[in-house]
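Student: Please take me through one part of this model closely. I'd like a single connected answer that I can follow on screen.

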Amino acid sequence: METNMQISQTHFLQHQKPYRIWKLIQIIFWIIGLAIFFALVFFPKTGVLIFWNILIPIAPALLVFATGLWRNVCPLSTTVLLPRYFNLSKRNRMSVQWQTRLQFVSILLLFIIVPLRHPIFNNNGHATAILLMMLIAIGITMGFFFEWKSAWCSTICPIHSVEKLYGEKQWLTLPNAHCTACANCSLPCPDSTPDFHPGKAHKSLLQKINALLIIGGLPGFIWGWFQVPDIQSPIPHFNALSTYGLPWIGATASIILFLFLVSFLDKKSTEILIQMYAAAGVSIYYWYRIPELFGFSKFSNDGLLISLKNSLPQWVVTLFVITIIVIFIWWLVFKKPTKKSWLIRPAFVNRNNQSIQH
Ligand code: SF4
């Protein structure tokens, strides 16, 4: 009978050719990412349009249906893993306690950075490029010390907790295009664990707090974020109260509601509530974001991709948004668990001789 390790290795070997194809796709996306970065620096208006109004609006839907695709092609992820690819990493194993602490930091970063989009980043390519450079610097520094995705993608990346909330049910399980062999760097590995969500790892108090913050807080945070207009000024303008007030009040309110509801529920019903909160998060996002993209924002031209205001009646956009929200709710709440992980775990490495274990 095959052990789990052998099964993993068999999968890995079966996917050698796809792995090479994925490497090519990864490089293409890395070059696209680099081009967007240069656009942010040298053509800031175009860079902002591509980064904030095309790339980022696609991301939540991608995380819902194919989180592994995002994990394989994210240019930031590829960049911070460069020390590992060039054998410059010390490849230390991070303790579970530190993984949990950094995941807490990643949620704080999400709740601190995202509101800054309104006064600073949404209309400022240079500021966005500096933000990306800072995140890359942190990620690469971590990459010099820690093994594979424990350095960034599965710990401190501000998007990671959102990946875990939205990515419970997967349409696709893809080959892992980063880890050449599994060093068990992340426990549990979010890429390789089927039906993973943030509530699944909650043994310690901090793990419970992390789960509560992201599951309970995200829908209200997103709602509050969309109630704040962009500051249309070439000079970054910051007012802490108007920047953070509504997003953080929204997050607090939805956490309190979550705790209230959970107090009446058993384990199975709590799982459904978590799925409902995930569906609420992504639905609220697109409820506001799609009209904004096409010129129907309540705040003049905030988040505009292309204005269809004079060529399309608003009810068409509303109907479209309701349709995709129904799809999200069906997928995240009513669809049976898919029993799929984001990515296929590669063969385990033998850490004594750094070879693949047979
Ligand atoms: S597959 Fe293994 S090496 Fe890659 S992120 Fe998961 S635990 Fe780490």
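Tutor: Let's start at the ligand, where the shell has 6 nonpolar, 5 polar and 3 charged residues (nonpolar: Ala, Val, Leu, Ile, Met, Phe, Trp, Tyr, Cys and Pro; charged: Asp, Glu, Lys and Arg; polar: the others, Gly among them). This is a predicted model, in which local features need pLDDT of at least 70 and side-chain atom pairs count only at pLDDT 80 or more, while totals for chains, interfaces and linings use all residues. Residues are numbered from 1 along each chain as its sequence is written. The shell counts 14 residues, with Lys149, Cys179, Cys182, Cys185 and Cys189 the closest (C-beta, placed from the backbone, within 6 Å of the ligand).

Beyond its neighbours within four places in sequence, Ala278 touches Leu165, Tyr166, Glu168 and Leu332 (contact: C-beta atoms, placed from the backbone, within 7 Å). H11 itself has 27 residues and reaches 39 Å between its end C-alpha atoms, close to the expected 39 Å (1.5 Å times one less than its number of residues). Just after H11, Gly295 adopts a positive phi of about 90 degrees.

Methods. Two residues are in contact if their C-beta atoms, placed from the backbone, lie within 7 Å. Helices (H or I, at least four residues) and strands (E, at least two) are DSSP runs, numbered from the N terminus.
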